[in-house]
Amino acid sequence: MTKTTLEAFDEDQQPMAPAGTGTVALGTPVPRVDGWAKVTGGARYAAEHPVADLAYGVVVSSTIAKGRITGIDTSAARAVPGVVDVLTHENRPKLRSMDLFYKDMTAPAGSPFKPLYDDQVRYSGQPVALVVAETFEAARYAASLVRVRYEAALHETNLLAQRARSHEPKPMKAGFSPPPKPKGDADAAFAAAPVKIDAEFYAGVEHHNPMEMHASTVIRDARGHLLIHDKTQGSQNSRWMVSRVFGLPQRKVTVRNQFVGGAFGSGLRPQYQLLLAVMAALKLERSVRVVLTRQQMFTFGHRPETWQRVRLAAEPDGKLVSVIHEAVAETSRGEDYVEVVVNWSGQLYASDNVRLEYRLVDLDHYTPLDMRAPGAAHGVHALEIAMDELSYALGMDPLALRLKNYAERDGNKDLPFSTKELRACYAQGAERFGWHGRPQEPRSMREGHELIGWGMATGTWDAMQMFARASATLHADGRLEVTSAATDIGTGTYTAMAQIAAAAMGLPLEQVVFRLGDSDLPVAPIEGGSSHVATVGSAVDGACERLQRQLWRLARKARGGQLAGCGFDEVEFRDGTIRLRANPAIAMPLTAVLLAHGKGSLEVRYLLLPNVLKQKKFVRAVHSAVFCEVRVDEALGTVRVTRVVSAVAAGRIINARTARSQVMGGVVWGISQALHEETHADHALGRFMNHNIAEYHVAANADIHDIDVIFVDEDDRVVSRMGAKGVGEIGIVGVAAAVSNAIYHATGRRLRSTPMTPDKVMAR
């Protein structure tokens, strides 16, 4: 496919590598195959698909945090030229009532939010009406004219003020593991220990804010079939919800998400604009598009506000004798959103006495939502600052303390790790950073008006694998088409999957296309948790192996061929041929194999099922070591992160270029978490106040300096058949802690809440 073809990108095309890319091996730093489509505008996102006779919906949001709607006056809105309808809980299409129908594939325990279902207001910013018009401008203006009357009730949005009424969570969310039972007697060991620290940590709410705002374009045809372009991390998850909520057969609904402009967890659950757009399309019997405003991007899930307390105790030589980690996080009134926050403290370091506790407080907010490295971004952060604080109490180097307590087995489950190259991460990261030259005492390095500090932290995340299907079709012209209903949220899925298939079949990358982002394709899990390469990648690799075997059988039967009688282990697939390993001159082009049997194409399908019996014998995780340099202007309290080295052990790296990009992006976000990001609530109103990009600060170009990424050699065949793990989440874990520890080394001031803004840096 040429660049000219990509410029004319349409619904049936998928991005392919440019001509001349050639054969690539796994690990090769290949540029993104979808890059050209994105930079030229060929790639269309959820709100960019042209549709005839399209109506536009704009959401009206509640202005109170809790209560009920007593009346809605839509007369002024309906009088605006071009307005077609105003949907409310009083005139919406029929919806199913049972909670079960609103539970998507990642829903936690409880009752999910149901948009426009009744007159109850559950949180500030809740959608209470949808104005639909012939133009977006008319709908937006008319939405401002809708008048809603409320009967307000007392609300509560302050986690810290409500900690005393925390409760045990219902552990029903996929991927959640409750804290293990206590090991030993951590409290007694802590009380008797000679060296100990006791610290509290606080992290405010963060919102995802991907560049592409959430949107759904519902295209209704004459037969009533709905083709939906949705901003989602799982097309089949969105189809699942739409079909169940509205009682539609799945064959009547197709969801596509071929391009997603960032998500970071915000698209794991279908957001309310999807159901609102479908409501309008069903009621009006026409195509409808609903796009949330940037302000409305703050009216659904977010990283939860979290309070933590970590107590560590050690012998004078640094050996940990007690680990106590407690956390209280927010959830909504309807659902028990849960994260793995404290478990990492029983896994990362060895100790005979461990007590972990995790509780929730239900508040009048929307249910929180997974955000990059959910749970670990908070839990590991607190643990790693506490470890740094303990190192100073002991007079030990922070890295030496971690090595002293290195865990060879997971202390929570008493299981070995499938692979763990964390020692190599420490060694290679420290050498690259120059850690050996670090003076121990705080405030010992200065340049001009800036204090210089060096800090480090450990990172960890789960290495997950789920089930998936993939198909592989070899065409007579030499093209290989591989399909799965996977998602690419900017992580490089298109490229990695095409690379896996090209390497397996010995084909040039430009002859391979990977089709994703369509609910009608073979089943794939939601793209989250850094599991896509290990899951969908293994399914693609399995499909290609099945295709190899089919071609081998055909090649053996080819009339006049030289491969008759050869075993499968005696052949290899290279340069578009099947050939003998021992004598590569004896080869047959793959296209010739098809031609010899009169086949225009050859298709296979493969179902990947994780080897649970094998995997449950191990703990599967990725690890990292993060080293950081900061420069602090003591007079102003400003912090510059001038150097970061992140050494990562994430199994076999499929594409070194896109993997490095993922870790760099995680480091950038870790710096943003450390110094910038927090959504502030006015508890009197129960409302998030800085709900825009101007006031919700994120790291900008001027905040980011040198980032060095190291991939430590690792090959994990327990996690996946290719030895690969995931790299999306691990990049952020430990970064904010390393920044905090570096600030302490620079200034002697210990900061235990994020973001670490200048006022906190200057506080005495």
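1. The side chain of E527 makes a polar contact with the side chain of T491 at 3.2 Å. A polar contact here is a pair of N or O atoms within 3.5 Å; within protein, one atom must be able to donate a hydrogen and the other to accept it, and residues adjacent in sequence count only if both atoms are side-chain atoms. The model is a predicted one, in which local features need pLDDT of at least 70 and side-chain atom pairs count only at pLDDT 80 or more, while totals for chains, interfaces and linings use all residues. Residues are numbered from 1 along each chain as its sequence is written, and side-chain values use heavy atoms, with hydrogens and water left out.

2. Where does E527 lie? E527 is placed in the loop between β23 (512-515) and α13 (532-557). Helices (H or I, at least four residues) and strands (E, at least two) are DSSP runs, numbered from the N terminus. Leaving aside residues up to four places away in sequence, E527 touches Q233, L268, T487, I489, T491, T493 and H532, where contact means heavy atoms within 4.5 Å.

3. The charge of E527 deserves a separate remark. E527 is buried yet has no salt bridge, and R372, the nearest side chain of opposite charge, is 9.3 Å away. Buried means under 20% relative accessible area, exposed over 50%, and partly exposed in between (1.4 Å probe, protein chains only). A salt bridge is a side-chain nitrogen of Lys or Arg within 4 Å of a carboxyl oxygen of Asp or Glu. For charge, Lys and Arg count as positive and Asp and Glu as negative, whereas His and the chain ends are not counted.

4. The loop that holds E527 also contains S530, again between β23 and α13. Phi of S530 is near 55°, a positive value in a residue other than glycine. S530 is buried, with a relative accessible area of 16%.

5. A positive phi is also found at L116, where the angle is near 55° and the residue is again not glycine. L116 belongs to the loop between β4 (109-110) and β5 (120-121), and at 4% relative accessibility it counts as buried. Most residues other than glycine have a negative phi, and most peptide bonds are trans.

6. Which peptide bond is cis? The bond from T754 to P755 is cis, with omega near 0°. P755 is situated in the loop between β33 (753-754) and α18 (758-762).

7. How many salt bridges does the structure hold? The count is 54. Side chains of opposite charge can pair when their charged atoms come close. One of the pairs joins D221 and R223, at 2.8 Å from N to O. D221 is partly exposed at 24% relative accessibility, whereas R223 is exposed, with a relative accessible area of 66%.

8. Within helix α13, E545 and R549 are four residues apart, a separation of about one helical turn. These two residues form a salt bridge whose closest N and O atoms are 3.4 Å apart. E545 is partly exposed at a relative accessible area of 26%, and R549 is partly exposed at 30%.

9. R717 and D715 form a further salt bridge, with their closest N and O atoms 2.7 Å apart. R717 is partly exposed, with a relative accessible area of 42%; D715 is partly exposed as well, at 40% relative accessibility. Elsewhere, salt bridges link K66, R165, R333, D362 and D364 in a network.

10. L607 is part of strand β27 (residues 601-608) and is partly exposed, with a relative accessible area of 31%.

11. Is Y406 buried or exposed? Y406 is buried, with a relative accessible area of 9%, and is located in the loop between α10 (398-404) and β17 (409-410). Its side chain reaches the backbone nitrogen of R423 at 3.3 Å. Not counting residues up to four places away in sequence, Y406 touches A350, K420, L422, R423 and Y426. From S287, Y406 is 119 residues apart in sequence and 58 Å apart in space, C-alpha to C-alpha.
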